[in-house]
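This report covers aromatic contacts and charges placed over rings. The sequence and structure come first.

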Amino acid sequence: MRTGTAAGDAIRTGRRFGRRGAAALLMGGVLLLTAACNDDKGGGSSDAATTAPADAGAGAGGASATPKNSTAVLNVEPKDGAQDVPPGALAVSVSNGKLTTVEVTDKNGKPVEGAITPDGTGWKPAAALAVGMAYKVDAQAKDADGLVAASTTTFTTLTPEKKVSTNDNISDGATYGVGMIVSVNFTKDVKNKDAVLKGITFATDNNTEVKGHWFGDRRLDFRPAEYWKPGTKVTVKYRLKSVEVAPGVYGDVDKDEPFTIGRSRVSTADAKSHMMTVETSGKSTTLPVTLGADATPSWGGTMVIMSKEKVTRMNSQTVGLGGEYDIQDVPHAMRLTTSGTFVHGNYWASPFGKTNASHGCVSMADEKGGSDASVAGKFFNDSMVGDVVKIVNSKEKTVAPSNGLGGWNVSWANW
């Protein structure tokens, strides 16, 4: 038969190339025969899958070449498929090896920043993850022999049921005086204060350092070491939505708030001379004023204009002085403290530059209804929120740093 002749030719050819070449051809015959059996019988696929890799992987002498497994053991927390994960729970570590790559992305493909530790055994994100977001973690490590271990996991962060409202005294794009202090108030007690501090940062165009100071559990004020430089552009960056401010309670805001510092204006009211020196961008003027009487002296120290009202009502009962006064139309009022200290116009008396006769405020000459041409009117129109007002030589103690924006009375070392 022609088939037999072909076989004989194959064997003779194999002799010319040596025994190794013949073995290779015979191996091919086995593989072809097995494939033919699979075509005839539907149940042979399992044997083929097992036999072929075992034969193909045999080395000289038939020794097995099964790949070695890496001894590096990766651990990703949270575990694969986890739900309702706290935003700060992600961590990757390895034992018996070193991490080589860790890639974390959210469901939109946005990468999460982080860094492998210097010893190569751990990785954490640079900041808390977003709430209500799905994430994927791809990690690889090598053992001492260079063998790679890999892990891919997915999880979803929690959607907060409880939030705390955040409010501050800044308006987007507004301009403030050089004494402006950013005061942030929360509607619930903050327990994780360090985490909240990290979640509120400041960016300035001249690298001004800004620090925060807590007043109790619900108020956080920010300021630089010295008054702001005129013209400074500032952006408050809130990243609190993924911050657990208290157990089970999260922040409510991720946003940027830009504002600008205007010209410099610092006014110093002297309770002894009954005069106020106003320094505006290097130019100085002096105005006659009246401060708190001996029975009701003005607070001493540094204050900041918190708000401005063209006309306001002042009632002594609101500041614990009984029924001493109730003036319905106080003109050109600028608040200095939450306890009720103002710089304002006065049309009902004329002690300016002569004596101290107020109930603690700094007042100057004005007319009923308020006149822009009056001393008080001009000062009001030239002033802005954030301007500094100092009171010196008062018989009263220094205003509390939490009374209004009195934080300038705290040293930078203690801020």
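## Aromatic cluster and pairs

Y176, W228 and F259 make up one aromatic cluster. Rings of Phe, Tyr and Trp (its six-membered ring) are paired if their centres lie within 6.5 Å; planes under 30 degrees apart count as stacked, over 60 as edge-to-face and the rest as tilted. By this rule there are eight aromatic pairs.

The pair of F202 and F222 is tilted, because the ring centres are 5.0 Å apart and the planes stand at 40°. F202 belongs to strand β13 (residues 200-204) and F222 to strand β15 (residues 219-223), 20 residues apart; strands are DSSP runs of E, at least two residues, numbered from the N terminus. F202 and F222 are both buried, where buried means under 20% relative accessible area, exposed over 50% and partly exposed in between (1.4 Å probe, protein chains only).

Y227 and W408 form an edge-to-face pair, 4.9 Å centre to centre with 75° between the planes. Y227 counts as partly exposed at 29% relative accessibility, whereas W408, at 13%, counts as buried.

## Charges over rings

The charged end of K211 sits over the ring of W412, 4.4 Å from its centre. K308 lies over the face of F380, at 4.4 Å from the ring centre. The rule asks for NZ of Lys or CZ of Arg within 6 Å of the ring centre and within 35 degrees of the ring normal.

## Basis

This is a predicted model, in which local features need pLDDT of at least 70, side-chain atom pairs count only at pLDDT 80 or more, and totals for chains, interfaces and linings use all residues. Residues are numbered from 1 along each chain as its sequence is written, and side-chain values use heavy atoms, leaving out hydrogens and water.

Technical notes:
Helices (H or I, at least four residues) and strands (E, at least two) are DSSP runs, numbered from the N terminus.
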